[in-house]
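Visitor: I'd like to learn how to read a model like this one. Could you walk me through it?

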Amino acid sequence: MSNSIALELVSANKTAGGWLKRYRHRSGSLNCDMVFAIYLPPQAEEQSVPAVYWLSGLTCTDENFSQKAGAFRVAAELGVAVICPDTSPRGCNLPGEDDSYDFGSGAGFYVNATQEPWSRHYRMYDYVSEELPSIVEANFPLTEQRAISGHSMGGHGALVVGLRNPERYSSITAFSPISNPMNCPWGQKALGNYLGDNRDDWKPWDASQLIDRAEVKLPLLVDQGTEDEFLHEQLKPEALQQACAVNEYPLVLRMQPGYDHSYYFIASFIEDHLRFHAQHMGL
C-alpha cells in the first residue's frame with residue numbers, strides 16, 4: 001500500500017468472492033476526514049481491474065449503495081471494482097450545514113463551492129474527479145480505466161464529472177439524475193448557495209448545459225422510473241433528452257414503468273448498468 005497517504009481501515013466484509021472495504025483518510029481538497037468504500041472483485045487478487053465510481057444521492061453515504069443495490073455479485077462476475085465516496089464533507093461545523101436535507105451535510109452536489117464558508121470544504125467535484133481516483137489507484141490494484149454512475153444528486157454528479165472529463169471515463173450511467181439543476185428547486189438552492197447568484201456560474205454544473213459543449217461523446221445510459229415522486233419538479237429528464245437530441249449525443253433514456261426513486265429501482269437495473277460499463281470497457 002502506498003505511503004503517500006494514510007488510509008485507516010474502518011471495516012472489511014467478504015462478499016461475492018471479493019472484499020468490500022471502507023477507509024477513512026484526510027482529504028486535502030475537502031480539508032476534513034472522509035470515508036469511502038471500495039469493492040475489490042476476486043480478480044483483483046491476481047491482477048489490476050477497472051473501476052466503476054458510484055455517486056450517491058441526497059442524505060446518503062457510501063453505505064446506502066453497498067447495502068441496498070445488490071451490485072457486487074455482478075461486479076465480481078465482470079471483474080470490476082466499485083468505488084463509493086461519501087456525498088459531502090462531514091463535521092466541518094459550518095453554520096447551517098445540518099439545517100436541511102437538501103443542502104450542506106449529505107448534499108455536496110459534486111460541485112466546487114466558491115462562496116464562503118462553503119468554499120473551505122465543499123469541493124466534492126475535485127474530490128471525486130481528482131483526489132479520490134489518485135488515492136485508490138495508488139493504493140489498490142486498479143487500472144486507469146474508469147466508468148461513472150450515480151443516483152439522483154449523484155446521477156447529476158456522474159453526468160457532470162463524466163461530461164467535463166470525457167478522456168477519463170469510458171461511459172456514464174445514471175438513475176433518476178437531477179438533469180437540469182439550474183431549473184429545479186434542489187439545484188437552485190444548492191447552486192445558489194455554493195456558487196452565488198450569477199446563473200452563468202451554474203452552467204458548468206448542469207448536465208443539460210454541458211451536453212451543448214461536449215466535443216467527445218461518451219456512451220450514456222439513464223434509467224428513470226415513471227412513478228418517481230420527484231420526476232417532474234426536480235429531475236427533468238426531458239431537458240437532458242432534448243439537449244442530447246439537438247447535439248446528437250448518444251443517450252439511451254429508459255423510462256421504467258411503475259418504478260419510484262428508491263433503491264428498489266436501483267437494485268432492479270444495476271446489473272444492466274454494470275454490464276453497460278463493462279461492454280464499453282471492452283471486458
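Guide: Let's start with surface: accessible areas come from the Shrake-Rupley method with a 1.4 Å probe, and for residues only the protein chains shown count as cover. Here the protein chain has an accessible surface of about 11300 Å², and 44% of that belongs to carbon and sulfur atoms. Note that this is a predicted model, where local features need pLDDT of at least 70, side-chain atom pairs count only at pLDDT 80 or more, and totals for chains, interfaces and linings use all residues. Residues are numbered from 1 along each chain as its sequence is written, and side-chain values use heavy atoms, leaving out hydrogens and water.

Visitor: What share of the residues count as buried?

Guide: Buried means under 20% relative accessible area, exposed over 50%, and partly exposed in between (1.4 Å probe, protein chains only). In this chain, 60% of the 283 residues count as buried.

Visitor: Which residues touch the most other members of the largest nonpolar core?

Guide: A nonpolar core is a set of buried Ala, Val, Leu, Ile, Met, Phe, Trp, Tyr and Cys residues joined through side-chain atoms within 4.5 Å. The largest one has 68 residues, and Phe36, Phe109, Phe140, Leu142, Tyr194 and Tyr249 touch the most other members. Helix H3 (residues 124-139) gives the largest share of this core, seven residues. Another core lies apart from it, with 26 residues, among them Tyr39 and Trp54.

Visitor: What do the buried residues of H5 pack against?

Guide: Contact means heavy atoms within 4.5 Å. The buried residues of H5, including Trp186, Leu191 and Tyr194, pack against helix H7 (231-235). Just after H5, Gly196 takes a positive phi of about 100°.

Visitor: And where does Asn198 lie?

Guide: Look in the loop between helix H5 (185-195) and helix H6 (207-210). Asn198 counts as partly exposed, at 38% relative accessibility. Asn198 and Pro237 are 39 residues apart in sequence, and their C-alpha atoms are 24 Å apart in space.

How values were computed:
Helix = DSSP H or I, 4+ residues; strand = E, 2+ residues; numbered from the N terminus.
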